[in-house]
Amino acid sequence: MSTLAVRVTGLHKHYGPKRAVDGLDLEVEQGEIFAVLGPNGAGKTTTVEILEGFRRRDAGEVSVLGEDPQRAGRAWRSRIGVVLQDVDDHAELSVHELVHHFARYYPGARDADEVIAAVGLTEKARTRTRQLSGGQRRRLDVALGIVGRPELLFLDEPTTGFDPEARRSFWDLVAGLRDEGTTILLTTHYLDEAEHLADRCAVVRDGRVVAMDAPARLGGRASRHALVRWQTPEGPREEVTEAPTALVARLAAALAPDGGEVPGLEVRRPTLEDVYLSLIGEQGADIDLEEVSR
Amino acid sequence: MSTATRPAAATTRRPATATLPSALRLGLARTSLEIREFFRERDAVVFVFAYPIIMLAIFATVFGQDGARVGPGEGVPFAQYFLPGMVATGVLLSSFQNLAISISVERDEGRLKRLRATPMPASAYFLGKVGSMLVTCVVQTALLLAVGAVLFDVTLPDDPGRWWTFAWVFALGTGSGAICGVAFSSIPRSGRSASAVVIPVAIVLQFISGVFFTFGDLPAWMQQVASLFPLKWMAQGMRSVFLPDAAAALEPSGSWQHGATAAVLVAYLVVGLVVGVRTFRWRRRDDG
């Protein structure tokens with residue numbers, strides 16, 4: 001069990017009659033980026049806040065870096081980093097001052113100026129947080145979350161409000177932290193973010209994990225039927241198949257015998273979004289390829 | 001994509017010998033950070049430092065027209081009479097009001113929650129609040145006394161006994177004000193409403209506690225209501241420092257009541273501490 005950064009079994013958290021977390025199981029291995037996906041109200045935030053030690057659980061076993069977050073002390077908190085989504089810091093302190101100050105809380109913190117550079121705020125180091133844009137303020141939060149050199153980093157919806165370029169550079173930063181050995185537990189609404197970053201992800205629905213796997217294999221994605229589409233003189237045709245390669249070979253032989261192209265050829269696997277939406281049971285979004293092709 | 005072949009987490013591991021910084025050291029670090037932040041909030045700085053001085057100027061001028069004095073016989077000049085009340089009201093502002101508002105705002109902006117996720121101990125946070133509050137209180141009081149002495153000819157006491165009284169009233173006043181401010185910070189629903197909730201409490205207390213009027217001239221019921229709150233006692237304690245002994249006759253009880261003053265301030269300190277420890281929240285009210 002020593003290779004697990006996070007281990008959760010049978011977690012329950014109820015608010016009155018509402019079962020926010022209802023028998024959730026989760027295992028995060030050391031050194032991986034693990035994404036938790038799920039609609040609002042599925043219990044993601046409650047679960048993560050229990051792991052961060054902000055909330056108490058009603059039942060279940062929780063071990064984070066080998067300790068129970070409910071009882072863990074300062075030494076444990078110095079080994080985790082938390083980037084919250086609901087901080088909106090309008091203080092009169094500069095980025096430089098805050099990051100250097102937070103670095104003092106930890107034994108063996110990272111170099112504060114390097115952290116500021118890593119999140120791309122070097123030019124804003126002397127700017128007071130009040131004057132930062134929303135995206136810059138989020139990056140400051142990330143800097144404060146990683147300055148203590150955490151073994152396990154919690155990122156809660158970290159790129160909300162980022163422009164595409166900022167998001168790309170943020171992804172590079174997170175991947176770099178993973179390569180240094182940091183375990184990362186990420187909650188996100190963006191499936192492209194999970195697909196790009198996560199080694200594994202879990203889909204949470206109604207307070208339980210309904211699927212847990214690498215993004216490419218989630219919900220049996222890799223083995224799902226593919227949809228092949230092509231053009232004929234009579235109009236577009238499509239076919240659902242378990243063996244798209246064989247079908248394409250047949251089409252090539254029939255429609256492009258001279259080694260040319262099959263007109264309008266398209267092979268589509270279900271996207272992470274298709275799989276995700278079917279897993280969370282979104283009405284009307286349950287894309288079933290058999291249905292699409294009729 | 002595999003998780004099995006990660007390189008050793010060398011850069012994430014720190015030496016096992018690394019120890020956590022002490023609460024005292026972090027408390028000092030937070031004190032200096034809080035002081036820096038406070039002095040950059042220009043409106044708050046102006047308000048906290050100028051308010052008692054401006055109020056002293058206004059009330060001493062209005063009541064002291066044509067050389068009017070307070071009390072029987074020779075009496076005392078109004079500036080002399082009001083100075084102790086202004087010292088007390090300044091302490092109320094920079095301890096109670098300032099902490100109640102600033103902690104509410106920090107909670108609302110999520111800064112308290114963010115701190116809670118770090119290894120900073122809660123004691124360091126409160127040390128920082130108390131330390132920075134003490135620095136502001138001392139600077140503010142020193143300014144007020146200097147202005148009072150230079151511009152309003154207020155005579156400052158020269159015997160150590162009075163300064164000893166000043167010291168313990170000041171210490172208990174700032175202490176109880178700070179602790180009640182921490183406890184009160186949980187009442188406003190949001191950071192934006194904090195000023196609107198906290199400031200009226202401070203203003204009402206100032207009017208009924210004899211800061212702006214001769215306390216003995218207030219209606220008896222108002223004096224009794226004021227006696228339930230610490231500002232009246234702090235102001236009375238400060239009057240015992242800056243007014244001649246004969247002025248004790250102006251107090252409704254006819255004496256300075258040092259014992260009762262200490263008892264009430266200590267009671268607020270203890271009750272505020274118990275309530276504050278039980279009700280303090282690192283998270284917003286709507287955040288579970």
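Okay, let's start with one pairing: in strand 7 of chain A, A:Leu185 is the bridge partner of A:Phe154. Strands here are DSSP runs of E, at least two residues long, and helices are runs of H or I, at least four, all numbered from the N terminus. Before going on, this is a predicted model, where local features need pLDDT of at least 70 and side-chain atom pairs count only at pLDDT 80 or more, while totals for chains, interfaces and linings use all residues. Residues are numbered from 1 along each chain as its sequence is written, chains are lettered from A and ligands numbered from 1 in the order in which they are written, and side-chain values use heavy atoms, leaving out hydrogens and water.

Back to our strands. Strand 6 (152-156) and strand 7 (183-187) of chain A run parallel, with 5 bridges; two strands pair if DSSP finds at least two bridges between them.

Now, helix 1 of chain A, residues 44-51. How many of its residues are buried? It's 7 of 8, where buried means under 20% relative accessible area, exposed over 50%, and partly exposed in between, with a 1.4 Å probe and protein chains only. Among the buried ones are A:Lys44, A:Val48 and A:Leu51. Just after this helix, A:Gly53 has a positive phi of about 90°.

Last stop, chain B. B:Val62 sits in helix 2, residues 42-63. Is B:Val62 buried or partly exposed? Its relative accessible area is 47%, so B:Val62 counts as partly exposed.

That's my tour, thanks!
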